[in-house]
Each structure stands twice: as structure tokens, then as C-alpha cells.
Amino acid sequence: MRARVLDTAPRLFAVVQEFALDDGWRDAEVAAWGTAYEDGRVDVTSVDGLRRLSLASPARATWYFARRDGVTARLVWLTPSRAATFDPAEAA
């Protein structure tokens, strides 16, 4: 069962926005967290929780979060875990 869970788990990613500062340097921040499914679609939630998106692909998430002038967005994929544990069953 653990192997099946690990093999079918969705992939997690962050959407990172990069932007120019007044002094010419660039900075970045995590703008959203996403879940990518086997069929290619993604669910994305902004870090402030105000925007929740269901999109056709991870690329659409980068487009959405890079719509302001001077802002670029990229995905940072989290490494899939290879561990799984069962929660103990609650006694009835």
C-alpha cells in the first residue's frame, strides 16, 4: 500500500516571483504553492490564501504570477518523499 501511495502522489512546487529593486538588484519571494497531478493539471494557492487556481499546466502558474511589469516567475519543484507512514487507527 505504501508503494502505491508514493507512486501516485502528486508533485509539489513553489511559484517564486523575482523582481527588480530600486538599487538595481533583484529579489525573490515565494508567491504560491502548487500541486501537480499525473494528468498535467495543477492546483495553486497564493501564500496569502486569497487566490486559488485550477490550471491546465504548471506553465500557466508561472504566466499568472508574472503578469506585472518587471516580475518573472519560476517553479521550484520539491523533491518527492520516498517515505510514507500510516496513522494509527482510532479505536471505535
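Start with S46, which counts as buried because its relative accessibility is 3%, under the 20% cut-off for that label. Keep in mind as you look that this is a predicted model. S46 sits in strand β3, and if you skip residues up to four places away in sequence, S46 touches A31, A32, R51 and F65. The side chain of S46 also has a polar contact with the side chain of D48, at 2.5 Å.

Now zoom out to the strand itself. β3 covers residues 42-46 and has two faces: V42, V44 and S46 make up the covered one, while D43 and T45 are on the uncovered one.

What does β3 pair with? On one hand there's β2, residues 26-36, which runs antiparallel to β3 with 5 bridges between them. Within that pairing, A36 has V42 as its bridge partner. The two strands make a hairpin with 5 residues between them, and in the turn you'll find G40 with a positive phi of about 100°.

β3 is also joined to β4, again in the antiparallel sense, by 4 bridges. Here T45 is the residue standing opposite R52 of β4. This pair forms a hairpin as well, with 5 residues between the strands, and G49 has a positive phi near 75°.

Is V47 buried or exposed? Its relative accessibility is 51%, so V47 counts as exposed, the cut-off being over 50%. V47 also belongs to a nonpolar surface patch, together with L12, V30, W33 and L78.

One more stop: Y64, in helix α2, which spans residues 58-65. Y64 counts as buried because its relative accessibility is 19%, and that label needs a value under 20%. Setting aside neighbours within four places in sequence, Y64 is in contact with R51 and L53. Y64 and L53 are 11 residues apart along the chain, and their C-alpha atoms are 9.5 Å apart.

That brings us back to the start by way of R51: Y64 is in contact with R51, and S46 touches R51 too.

How values were computed. Residues are numbered from 1 along each chain as its sequence is written. This is a predicted model: local features need pLDDT of at least 70, side-chain atom pairs count only at pLDDT 80 or more; totals for chains, interfaces and linings use all residues. Side-chain values use heavy atoms; hydrogens and water are left out. Patches are made of residues with over 30% relative accessible area and no salt bridge: like charges are joined within 9 Å, nonpolar side chains (Val, Leu, Ile, Met, Phe, Trp, Tyr) within 5 Å. Accessible areas come from the Shrake-Rupley method with a 1.4 Å probe; for residues, only the protein chains shown count as cover. A salt bridge is a side-chain nitrogen of Lys or Arg within 4 Å of a carboxyl oxygen of Asp or Glu. Buried means under 20% relative accessible area, exposed over 50%, partly exposed in between (1.4 Å probe, protein chains only). Two strands pair if DSSP finds at least two bridges between them. A polar contact is a pair of N or O atoms within 3.5 Å; within protein, one must be able to donate a hydrogen and the other to accept it, and residues adjacent in sequence count only if both atoms are side-chain atoms. Contact means heavy atoms within 4.5 Å.
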